[in-house]
Amino acid sequence: MNGHFGGAGDDLSPEDYKHGVQIINEDKQFNENLPQYLQLENIIRAGFNYHIISVFGSQSTGKSTLLNYLFGTSFGVMSEQERRQTTKGIWMSKNKKEHSGGEGKAMAENILVMDVEGTDGRERGEDQDFERKSALFALATSEVLIVNIWEHQVGLYQGANMGLLKTVFEVNLQLFLKDSKSVPRSLLFFVIRDHLGTTPLENLKQTLTQDLSRIWGSLSKPQGLEKSRIEDYFDFAFVALPHKILQPEKFEQEVQRLGTRFREGYKDPKRAGLVDETAEPVLLPEYHRRIPADGFPMYAEGVWEQIDSNKDLDLPTQQELLAQFRCDEISKEVLIPFDEVITPLEEEQASSVAAGKPSVIAKLGLTMIAARKLALGSFEEEASRYHKGVYKRKQAELESKIDGRLKALFLGQLSAAHKSGVNEFSEAVSSAVKAGQKRDSSYDFSEIVQTEKKKALERYETEAKASLVEGTPWSDYKQQFNLYQKDLDDVSARLRKDEMRRLATRSERWVRNRLSEKIGVEFNKLGSGRAGSGAPAEGEKPKTEKELWDRVWSVFTEVVADAESSFTKRARSFDASPEEVEVGLWRLRRKSWGALRDKIDEELMEGNLLLKLRENFEDKFRYDEEGVPRIWRPTDDIEGLYTRARESTLTLIPLLSKFKLSGTSAPPPLDAWIGEPPSTVTPADEEDLHPIGGVDTEEGKTLDDEMTMISDARQQDLGTRFKKTADGVYVEAKRSAIGGVTS
Ligand code: GDP
Ligand code: MG
C-alpha cells in the first residue's frame, strides 16, 4: 500500500496512484501529495468544474466494489476468501468513466470519489472516533453521500447504519451552528444492495424515511433549531441494486443506469426537497461546496486538521483562511510575468537617473497597460472563485501594489520628460538665436521663444499621454505639467536675460563707436583757436573752447538717449519686463559714461593734448583775425602777439582739466542723469560695473574727482612743456621777421 505521506510528490508516477490516493491514512494523517494527484488527473485547474462524492456504510457491504463498477476506479476490495477489512482511512480517486454514461447521458466531468473506511469495523473495535471524524470530513467536502446498505438491514433501526446516520446528522447540526448559510445542502443517496425485488423500492424508501425522521427527532437540537426538519438540510434519493453474485448481468445493467445519474442538473421546484425519480441527475449546483479545485487540497487539509484536533469545525473561517492563502499565492504567481516586464524598466530608469541623464522610456504606457491587464486579469480569473470578501481585499492589495510601481515609473517618466524637455527647449532657443545673429541680428527673440515653448509643451504632453494607464487615478499629470510650464518660463526668463545682455553689449558697443567719432570731432575743434563764431572780444576765450564741455555733455546725452530708445524698443519686443528694461538702461548709462571717460582720456593723452595745444596756439599766433597767415616784419609786435596767444592757449589747460558746464560752472548732473539703481538690480547686474565718483558715494570718490580729467601736477607739467613748444614757435617767428628784413 502506498502512503506518500509528506513525501516529495514530484517523483511520483501515475502508477503510484492506480488505486487513487489515500488522502487520510489509518493514523489519521493527511496526505501532502493530494495536489500532485489532482495535477496528475488534470483537475487542479478545473476551477469549480469538479464534484466530490463519498460513500458510507457498514464494513464489507460491497462499497468499494460498487464504486469500482460505477466509476471505473480501482479501490481495494475484500477477496471472497479472507473477509477482512480492506479500505483503511479515506481514499480518493477520479472517475474513469466520465464519457461512458449509458442512455446517451455522459457523466459529469471531474468526479472525485471518496471511499471511506467502513463503520463498525471489527479491527477497530469500539473506535467510534474515526467514524465520527470521517463522517464530518465527508460532509464538509462532499456533494453527494452514498449510503450503502443491504436490503435486509432496512428497518433495523438499531443497526450500525442507523448509528452512522445519527452521527452524520449530529455533525451536520454542529456545522450549522456556526453559520447556517455557509453549509450547503447535501444529497443522501441510499443504495440498497442485494435487492430481492419482493419488497418494492417504494416500501423500502418509506421505511428508511420513517427511520431517518425518528433519528432526527431523537437528536437534541441546538437552540433555535429545535423546530428544524431533516429536509431542511438534506435531500434524499433511493436506488435498489440486484444481487451482484446471483444476478450479475442485471447488477451491471443497473449500475450502468445508476452511473448516468452522476451528471449535472437542476432540481425541479415542483418536487421540492425530494429527488426521487430513478433517472434524475444528482449533481445539483446547490450541493457544490464552491471550493476552487486548486484550493481543494489545502481546504481539505485545514478541515481535516480542525476535525482531527477536535476543534469546532468552522467552515466559513476555513474558507477565508484558504482564500487568503490562495489569493496571496495567486498574487505572487501573477507578479512573475509582471516583474519580467516591469523590473527591467525600473532598473533602466533608476540607472539613467543615477547617471544624471534621465531618459524617456519608449511606449511605456502600452507596456504598463499590457502588464497590468495581464496580472489583474489572471488574478481575477484564478482568485475570484474564492471567498468574495477576501478576494476583493486581496485584489485591492494587488492593484495597489501594481499601481504603486507603475505610478513610480510614470512619475519617473514625467521627470525625465521634464528634464529633457527643458534642456531641448533651452538648446533650441539658443541655436535659433545664434542662427539669427549669424544672419542679420534682426531675429525676433520672443517669437523664437513662443515657437519653441509650444513645441516643448506638445512634446511633453505627447510623452505623458503615452506613459499613463487610462482609467487609473494616478494617471494624471496636470500638476507636473504646470511645473514643467513654470520651468520653461523660468528658462525663458533666463534666456531673455542672456538676450538682454547681448542687447546691452550691442548697445554699449554702438555708444562707444558713436562717442569715439562725435567726441573726437569736438576735441579736434580745439586745434583751431578761432573756430566757430567769428572773432572773440578782447580778453575773452573763444566761445567754442569755453563751451567744449557743454557740447561734449550734450553730444554724450544725445547719443545715449538714442541708444536707450532703441534698447527699450528691442527689449520690449521680446517681452522684457519694465523692471528688466529699467535695469538694462541703468547699466547702459553707466557703461556709456565709462566709454565717454575712455574717449576723453584718449583725447587728453599727453601727446595728443600737446599737439592740440600747439595747433591752438599756432592758429592764434600765426594767423590774423581774418585767418590769413602772418608774414612777420620787424615792426610787428611779435612779442605781444606771442604772449596773448600763449596765454589764451594756456587757459585751455585748466578748462580741459575739469568737466564743467559753462552755464553753471559746475560738473554735469551725472548722478541725477544715471539715477538711483533700480530696486530690482541684482549683484550679478553690478558685477562688471566700475565705480563712478559722486554716484557710488561709498567709493569715497566725489563727483568732482570723477570730473577731474587732468590732475594739478599734470597741468603744471603740461604748461611747462607747452610753453617750451610755444617758445620754439616764437623764436622761429622772430627769426623769420629778421630774415624777412634782410632779404
Ligand atoms: P466494502 O468493505 O464495503 O468496501 O466491501 P467490498 O467491496 O470490499 O466487498 C466485500 C465483499 O462483498 C466482497 O467479497 C465482494 O465480492 C462482495 N460483494 C460486493 N458486492 C456485492 C453485492 O452486490 N452482493 C453481495 N452479496 N456481495 C457483494
Ligand atoms: Mg471498501
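Let's start in a loop: aspartate 194 lies between strand 6 and helix 5 (helices, H or I of at least four residues, and strands, E of at least two, are DSSP runs numbered from the N terminus). This is a predicted model, in which local features need pLDDT of at least 70, side-chain atom pairs count only at pLDDT 80 or more, and totals for chains, interfaces and linings use all residues. Residues are numbered from 1 along each chain as its sequence is written, chains are lettered from A and ligands numbered from 1 in the order in which they are written, and side-chain values use heavy atoms, leaving out hydrogens and water.

- Most residues other than glycine have a negative phi.
- Aspartate 194 is not a glycine, yet its phi is positive, about 55°.
- With a relative accessible area of 19%, aspartate 194 is buried (buried means under 20%, exposed over 50%, partly exposed in between, with a 1.4 Å probe and protein chains only).
- Asparagine 110 also has a positive phi of about 55°, and its relative accessibility of 8% makes it buried.

**Around strand 7**
- Strand 6 (residues 186–193) runs parallel to strand 7, and seven bridges join them (strands pair if DSSP finds at least two bridges between them).
- Valine 191 stands opposite valine 239 of strand 7.
- Seven of the seven residues of strand 7 (residues 234–240) are buried, so the rest of the structure largely encloses this strand.
- Phe234, Phe236, Phe238 and Ala240 point one way from strand 7, while Asp235, Ala237 and Val239 point the other way.
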